[in-house]
Amino acid sequence: MLDEQGASLRLAASEGLSDEYLEQAGTLPASEAFDHPALEGEAVAIDDLMQYPAAVSLDRIRAEGLKSMLSAGLVFRGQPMGILRLYTRTPRHFTRPERGLLQSIGQQIASAGANARLLES
């Protein structure tokens, strides 16, 4: 999720990643996210993370056994709220319908998050 200033991404939830991987996740400046276009609402598919030049921490990715990634922005009314990332441990090519589905899921999550923020205030 993006912090309130929209400058940094922090891990909000995860499933299936090791504790060691998550401990090193920390906070990342949003401008340095290798899937930064997702913050603009695009789906970003990376078939081979090890061959992707912008991927950071290739040693961690290799140790975790991650092969491919699909991400989509959590964007509500043009405002980015975060990024939803799905990783695979087998090489995978994501189809256009799969990318579109994750974009739709990301929009629904962003809408729910925006509504929750309204209820909190």
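This is a predicted model: local features need pLDDT of at least 70, side-chain atom pairs count only at pLDDT 80 or more; totals for chains, interfaces and linings use all residues.
**Reading strands, a sheet and a core**

Colleague: How many helices and strands does the chain have, and in what order do they run?

Modeller: Helices (H or I, at least four residues) and strands (E, at least two) are DSSP runs numbered from the N terminus. Here there are three helices and five strands, and from the N terminus on they follow the order β-α-β-β-α-β-β-α. The radius of gyration, taken over C-alpha atoms, is 14 Å, close to the 14 Å of the globule rule (2.2 Å times the number of residues to the power 0.38) for 121 residues, so the chain is as compact as a globular protein of that length. Along the principal axes, the C-alpha atoms fill a box of roughly 40 × 35 × 25 Å.

Colleague: In what order do the three strands of the open sheet lie?

Modeller: Two strands pair if DSSP finds at least two bridges between them. In this model the order is 3-4-5, with antiparallel pairing; strand 3 and strand 5 (79-88) are the edge strands, each pairing on one side only. From one strand to the next the twist averages 15°. Strand 3 and strand 4 share four bridges, and Ala43 has Ala72 of strand 4 as its bridge partner. Strand 4 and strand 5 pair over nine bridges, and Phe76 is partnered by Gln79 of strand 5. The hairpin of these two strands has two residues between them, and there Arg77 takes a positive phi near 50°.

Colleague: Which residues make up the covered face of strand 3, and which helix lies across the strands?

Modeller: Strand 3 (residues 43-46) has Val44 and Ile46 on its covered face, while Ala43 and Ala45 are on the uncovered one. Helix 3 (residues 96-120) lies across strand 3, strand 4 and strand 5 and runs at about 40° to strand 4, the angle being taken from 0 to 180 degrees between N-to-C directions, with axes fitted to C-alpha atoms, for helices over the stretch in contact.

Colleague: Is Ser68 buried or exposed, and which backbone atoms does its side chain reach?

Modeller: Buried means under 20% relative accessible area and exposed over 50%, with partly exposed in between (1.4 Å probe, protein chains only). Ser68, found in strand 4 (residues 68-76), has a relative accessible area of 0% and is therefore buried. Its side chain reaches the backbone oxygen of Asp47 at 2.5 Å and the backbone nitrogen of Arg92 at 2.9 Å. Beyond residues up to four places away in sequence, Ser68 touches (heavy atoms within 4.5 Å) several residues, including Ile46, Leu49, Leu86 and Phe94.

Colleague: Which residues touch the most other members of the largest nonpolar core?

Modeller: In soluble globular proteins, nonpolar side chains tend to be buried together. A nonpolar core is a set of buried Ala, Val, Leu, Ile, Met, Phe, Trp, Tyr and Cys residues joined through side-chain atoms within 4.5 Å. Here the largest core has 17 residues, of which Leu9, Ile46, Leu49, Ile61, Leu66 and Ile83 touch the most other members. In the chain, buried residues make up 29% of the 121 residues.

Technical notes
Residues are numbered from 1 along each chain as its sequence is written. Side-chain values use heavy atoms; hydrogens and water are left out. A polar contact is a pair of N or O atoms within 3.5 Å; within protein, one must be able to donate a hydrogen and the other to accept it, and residues adjacent in sequence count only if both atoms are side-chain atoms.
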